[in-house]
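Trainee: Walk me through this one, please. Start anywhere you like.

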Amino acid sequence: MSKGRGSRGDFATTLWNLKGLRKLHVKSYGCQMNVYDSDRMADLLTSDASYVETGAPEEADVIILNTCHIREKAAEKVYSELGRIRGLKREAARSGRNLIVAVAGCVAQAEGEEIVRRAPLVDVVVGPQNYHRLPALLARAERGAKVVDTEFPVEDKFDRLAPPAAATVRARGVTSFVTVQEGCDKFCTFCVVPYTRGAEVSRPVAAIVAEVENLARAGVREVTLIGQNVNAYHGKTANGGQATLGRLLHRLADVSGVKRLRYTTSHPRDMDEDLIAAHRDLAVLMPQLHLPVQSGSDRVLAAMNRRHTRADYLDVIARLRAARPDIAFTSDFIVGFPGETEEDFSDTLRIVEDVRFAGAFSFKYSPRPGTPAAERGDQIADEVKTERLARLQECIDRHQRAFNRSCVGQKLEVLFEKPGRISGQLVGRSPYLQPVQVMAPTSLIGQIATVRITDVGSNSLFGTLHPVEAEEPALAGAGG
Ligand code: 5AD
Ligand code: SF4
């Protein structure tokens, strides 16, 4: 999955051209963390008016590829994208422009100097910890240097990148991600994140509150707090203490204008009492939780170093359901982890039946160099992984369809985000994060309205605006 970012429009671009500003194109791959980081890099580079963003790579002076390393052949995909950019760089040189190419994100962190060796057109390689140094790194590249910066610095990236830049964070619609935590100390044996993103770091509460207040003032109504292991959050409070994610959510629930809060991605081990209670106590905390389980087999969970059993996971689910009965769960699964037997796999199918997930991502295990599971001799044949993945996805899809069908006839609160594909239609999200398509006036963008769900499509729900007045006429004349 990749996403080119938007431009500011021709007139503005022309004005900026006249001022001699350099044009920046950021292309983002992978997770929400990367989308957020791409936005922050763009904010940083455009905030002092030295760059202007463009959606068109062919007119860019700087191209940043913000890469993701979770998926299979991630590095190879980056090299083939760089092959395409080589043509742009040549074109630019012909017209007297110096196109700077930067590779950021987890592939940059994992491959380091190898990127410049294999793709000499690359000028800057920068790891996720060092984005705040981008202006200086790009300036060095413009003077002709090759720059590789993948150190884990002692200084806190958040101190440098997020605030004081909080004042310059630009809202980009009705919903926004806010990074509250980064990195991971869990070391699941299949995962590169602890190596590419480093140790866990949490942003202080005050910085997050300032950013959320700023976004709310700019029209954001739904904030999703993100981090690789977001519920391990333990940020500093103003009085020198530490706040859990549950406490942070309580604080953010008071920010005026914020109507919905979510957080992702969580680890089952870090679902503490505070956080479970927040699901009971905070109406703005949406009843939907992405809680990766990866496998339903205790043997595989232990080999993955997940630090929880199947029973632990089911217990957390039960406690969350007790706190918020309508909560919907989604998850991540890996099939074909080294040594996974047919019996292990059937435990995974069984946990899908037990929890009745509202949706899930599922992946074939893919060895990541440098991780313990990649070294194991009992790797599973690809045909077996493919076959198990198909069976798992059939099971997940069945539950997802059942969940979506159960919404038909219900009245759900929908936060409208943007126009739909059909004229007159808006798209919003239900509390359970399902896209909902409704014929509704554009004035409802940014608002929450009650929608009666009438039908289910392959990826979204359909509904009609609920005529509130018709339902409550008795109130009009009723005396005290
Ligand atoms: N192979 C397959 N899937 C993986 N994931 C992470 N590492 C791997 C890997 N080596 C999946 C996990 C994680 C999601 C983001 O990606 O399910 O939760
Ligand atoms: Fe990777 Fe998540 Fe495990 Fe951390 S908790 S190592 S990010 S899978």
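Trainee: Which residues does N404 touch, leaving out those up to four places away in sequence?
Mentor: N404 touches Q434, V456 and L461. Contact here means heavy atoms within 4.5 Å.

Trainee: What should I know about the numbers before we go on?
Mentor: This is a predicted model: local features need pLDDT of at least 70, side-chain atom pairs count only at pLDDT 80 or more, and totals for chains, interfaces and linings use all residues. Residues are numbered from 1 along each chain as its sequence is written, chains are lettered from A and ligands numbered from 1 in the order in which they are written, and side-chain values use heavy atoms, leaving out hydrogens and water.

Trainee: Back to N404. Is it buried or exposed?
Mentor: N404 counts as buried because its relative accessible area is 11%. Buried means under 20%, exposed over 50%, and partly exposed is in between, with a 1.4 Å probe on protein chains only.

Trainee: Where does N404 sit?
Mentor: In helix α15, residues 382–406. Helices (H or I, at least four residues) and strands (E, at least two) are DSSP runs, numbered from the N terminus.

Trainee: And Q242: buried or exposed?
Mentor: Q242 is exposed, because its relative accessibility is 59%. Q242 is in strand β13, residues 242–243. Not counting residues up to four places away in sequence, Q242 touches H234, G235 and T237.

Trainee: New topic, α3. How many residues does it have?
Mentor: α3 runs over residues 74–94, so 21 residues, and spans 31 Å from first C-alpha to last, close to the expected 30 Å at 1.5 Å a residue. The expected span is 1.5 Å times one less than the number of residues.

Trainee: Where does α3 bend?
Mentor: At R84, by about 25°. The bend is the angle between axes fitted to the seven residues ending at a residue and the seven starting there.

Trainee: What do the buried residues of α3 pack against?
Mentor: They pack against β2 (22–29), β4 (62–67), β5 (100–104), α4 (105–111) and α5 (113–118). Among the buried residues are V78, Y79, L82 and I85. After α3 comes G96, with a positive phi near 80°.

Trainee: What follows α14?
Mentor: R356, with a positive phi near 55°. In α14, the buried residues include F345, L349, I351 and V352. Their cover includes α12 (298–303), α13, β16 (328–335) and α15.

Trainee: At what angle do α11 and α13 pack?
Mentor: About 35°, with axes 7 Å apart. Axes are lines fitted to C-alpha atoms, for helices over the stretch in contact, and angles run from 0 to 180 degrees between N-to-C directions. E273, I276, H279 and R280 in α11 meet R319, L320 and A323 in α13. The contact has three nonpolar, one polar and three charged residues. Ala, Val, Leu, Ile, Met, Phe, Trp, Tyr, Cys and Pro count as nonpolar, Asp, Glu, Lys and Arg as charged, and the others, Gly among them, as polar.

Trainee: What surrounds ligand 2?
Mentor: The shell includes C184, C188, C191, H267 and R306. A residue is near if one of its heavy atoms lies within 4 Å. By class, the shell has seven nonpolar, one polar and two charged residues.

Trainee: How many helices and strands does the protein have?
Mentor: 17 helices and 22 strands. Of the 480 residues, 53% are buried.
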